[in-house]
Amino acid sequence: MTDAFLTAMSGVMEPYTLMLMMVATCAGIIAAAIPGFTITMAIVLTLPLTFAMPPMQGIAVMLSVYVGGLSGGLFSAALLGIPGTPSAVATTFDAFPMARQGKPGKALSLGLFASFIGSIISIAVLIIAAPPLAMLAVKLGPWEYFALIIFALTIIASLVGDSLIRGLIAGLIGIGIATIGPDPLMGRERFTFGHEILAAGIPFLVILIGMYAMSQLLSELEPSHDQHSQTSGSLISGDMRPHLWQTAKGVIMRPINVIRSSLIGVFIGAVPGAGSSISNLLAYDQAKRASRHPETFGKGEPDGVVASEAGNSSTVGGSLIPLIALGIPGSPADAVLMAAIMVHGISIGPRLILDHPDLVYSMFIAMAIASVFMLFIGILLMRAFLNLLNIPKYIIVPTVLACCAIGTYTLNNRLSDLYLLACIGIVGYILKKLDYPLAPLVLGVVLGPIAETNLRRAFQTSTDWTLFFTRPISALLLALAVASIAYSAYSLIKQRKTVA
């Protein structure tokens, strides 16, 4: 094993490989910062470039894009209020208000340091606990998956904003939207009402861009009540300095939040099909529940930024656990990564770490180096992104809108998706003006199909509904869901009594 580690170290630490990794990390950050351009799309575009590379070098480059992409969504989330990727949805809740309060540099540096620490923690867990966590993940059946999603859906109670009813309505709208289009198991068309434009369903990326990007851009076109914003014409102004050492200390002084959020990201990543779009919301939810001042969340709370970024960045380490130990990709990005390994004639499966230990060690080393690159490149790019804020909004808004349209079209190369984007954007803008929170709606779109699929699979396997309560892991997750709902109800009643 020592020889394999040294071989991996020498392969990854070559100057040319390090230069490629640096470029790939930068490309991942920039790609994820563009609304509508997902991490998976960036990795897919990178895949053909790695065919002529040695296996270690190619995998290191793709992992660098992956690591950079998971933190890149922070930039557009903090500066525009638009999640660059689905994994940055929760980041917008506090990073954007913090930037609007005149502290955009602090919002970005908080997210970058939290992402770095989350990535390092996930790598440590990946190295130490890959086999046992993978065996736990593979034992999860449809009953456990359904229970996990029910537990995740209780997050809606923390994202409802000022009105529980409006938040629940938004969540139900999201679940309803997710049922439009092909049946997830049989592929039969449903709820299209005879409109061909809905026959393929509404892609999640279209919903995310429409609800957040389009609605935010339409809001920016409204006359501003901020006199400075009217004078400068810029989106955000204030202290552009990152205050690196002060911010790094602020993240380190929140060890419980960082570690808890990172472990949540690792666990969610280890569950195939869950992904970072769930982990960052769940980490944010748990941070809010554990906070002594939950009312500050959504108003520029540093703990919210730290939790969401540590949660989504640690997902990459967790998602590699089933890939390395069992040959099961945990997300679409991992599936592309697996294809890159197989292109070089390497079999993926339980014997990967025995037959090719040098390749596995090179993945660990590459992730750690890419995390360091992500931090330093993110800090360097921060100044450039902050300078972009000086550009008048009448230039930024149409530019971002064009990026959204291009990203939406390239997803499936369907012109109909652009019409859906416009409609959903208008709906999102109306909901926003009526004070309906958008986060529960997006969460319903993400979790609804997963819950439906696993519920139907469970009953196709066995019609015995008691299995949801007799299988230990499923019962534990459902118990946690009940406890989560009870805690949310208690907090709501306590908050109303305090107000009264």
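Modeller: A salt bridge here is a side-chain nitrogen of Lys or Arg within 4 Å of a carboxyl oxygen of Asp or Glu. By that rule, seven salt bridges are counted in this predicted model.

Biologist: What makes Arg456 and Asp183 a salt bridge?

Modeller: Their closest N and O atoms are 2.8 Å apart. The cut-off is 4 Å, so the pair qualifies. Arg456 lies in helix α21, whereas Asp183 sits in the loop between β1 (181–182) and β2 (189–190). The pair links distant parts of the chain, 273 residues apart.

Biologist: Where does α21 bend?

Modeller: At Leu447, by about 30°. A proline, Pro449, follows within four residues.

Biologist: What describes the packing of α12 and α14?

Modeller: Helix α12 (residues 255–270) and helix α14 (residues 302–313) pack at about 35°, their axes being 7 Å apart. Their crossing is right-handed. Residues of α12 including Val258 and Gly265 meet residues of α14, among them Val306 and Gly311. By class, this contact has four nonpolar, five polar and one charged residues.

Note on methods. Residues are numbered from 1 along each chain as its sequence is written. This is a predicted model: local features need pLDDT of at least 70, side-chain atom pairs count only at pLDDT 80 or more; totals for chains, interfaces and linings use all residues. Side-chain values use heavy atoms; hydrogens and water are left out. The bend at a residue is the angle between axes fitted to the seven residues ending there and the seven starting there. Helices (H or I, at least four residues) and strands (E, at least two) are DSSP runs, numbered from the N terminus. Axes are lines fitted to C-alpha atoms, for helices over the stretch in contact, and angles run from 0 to 180 degrees between N-to-C directions. A crossing is left-handed if the near helix is turned anticlockwise from the far one by less than a right angle, and right-handed if clockwise. Contact means heavy atoms within 4.5 Å. Ala, Val, Leu, Ile, Met, Phe, Trp, Tyr, Cys and Pro count as nonpolar, Asp, Glu, Lys and Arg as charged, and the others, Gly among them, as polar.
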